[in-house]
Amino acid sequence: MKKVFIYFFIFLLIFFLLPAFLTKRNWEVSAKVPENIDEEKVNEKEVYDYKNYGTIKLLHEATNEVEEVDLDTYLCNVVSAEMPVDFELEALKAQAIVARTYTIYKIQNKKHENADVCDNSSCCQAWISKEDRLARWDEDKRQSNWEKIEKCVNETKEKIITYEGKPINAFFHSNSGGTTELPVNVWGGGSQYPYLQIVETAGEDGYTQYQSEVVLSQDELIEKLKTKYQDITIDFNNNEDLKILEYTDSGRVKTVKFGNHEISGTEVRTLFELKSTNFEIIKEDKNIKFTVKGYGHGVGMSQTGADSLAKQGKNYEEIIKHFYVGVEISEVNSI
Ligand SMILES: [Zn+2]
């Protein structure tokens, strides 16, 4: 009888008490799991993890001060300095990704000793403080304009452009004149950037940056040339003495003959302050006229081209992949 009672007790233990105990444990565990997930989600939202790139060191050239700034805040300042705020949203998003990529590339390929980037557009990227930016906009548009810039940076958060898993050297310029240029024709060297090719973009002629001209008298032309070539002589009556000798594959000027000198298109651009190397030379009485197409070096993304593509219905990814051949949009933490 006593044995029967023991067996009954063991039976009770196995079939009722133990499962009840285990079930309670399971319930406790399962009750805790979602709690943990919620906590993680909250943390992810509040503290975004850019890993190595949460803040960057920005050199202000005018004061020579280095400021440590939040990356996305810095990008708002860059985008609002680099691209007109009335451009299409998708063009501004493309600019935000290009600016982020350019910044990460510069962090990895340092130009400055104590800083990651500087605020000089001819060295790194243009930058303007929020205060100065707002002051230059009409008062009634300040808030909505700044919100538009923030939206573009936030909605492309952590996105960068990569080629074979590495951030690209995301060159950009104002207006390509319809066709972009190879870096070798601007800066020389080898072709170490396979993603920077010649691409054509429709609609760039609709922007004020597309066409410009510089008119110089013969004397002014000689004077400017003499700053570099003291022995220059040109016979303006001889058509062979002033003419374009060679064009690059993109249709920009490669070499110009000025009398006894042959000068590269990029040097001509600098000497006469032309907006691009995509120019023609026209003789008008005693004047020399340079008619210029496009604005900037012409390599990589054209900003007006990006806006034109956005107007044609392209999104930021399509715009980026149009200007940078064979690239991917990646998360910065994945590199
Ligand atoms: Zn710099």
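1. Helix α2 is largely enclosed by the rest of the structure, because 9 of its 12 residues are buried (20 or more other C-beta atoms within 10 Å of the residue's own, C-beta atoms being placed from the backbone). Helices here are DSSP runs of H or I with at least four residues and strands are runs of E with at least two, numbered from the N terminus. The model is predicted: local features need pLDDT of at least 70 and side-chain atom pairs count only at pLDDT 80 or more, whereas totals for chains, interfaces and linings use all residues. Residues are numbered from 1 along each chain as its sequence is written.

2. The buried set of α2 includes Leu-71, Tyr-74, Cys-76 and Glu-82. These buried residues of the helix pack against strands β1 (55-60) and β2 (65-70) and against helices α3 (89-108), α4 (130-136) and α5 (142-154). Contact requires C-beta atoms, placed from the backbone, within 7 Å.

3. Spanning residues 71-82, α2 reaches 16 Å from its first C-alpha to its last, close to the expected 16 Å (1.5 Å times one less than the number of residues).

4. A separate topic is the open sheet of 3 strands, ordered β8-β9-β10 with antiparallel pairing (pairing requires at least two DSSP bridges between the strands). Since β8 (242-247) and β10 (261-264) each have a single partner strand, one side of each is left without a neighbour in the sheet. Strand β9 (residues 253-258) is joined to β8 by 5 bridges, and Ile-244 stands opposite Val-256 in β9.

5. As for the whole protein chain, it has 10 helices and 14 strands. Of its 335 residues, 34% count as buried.

How values were computed: Two residues are in contact if their C-beta atoms, placed from the backbone, lie within 7 Å.
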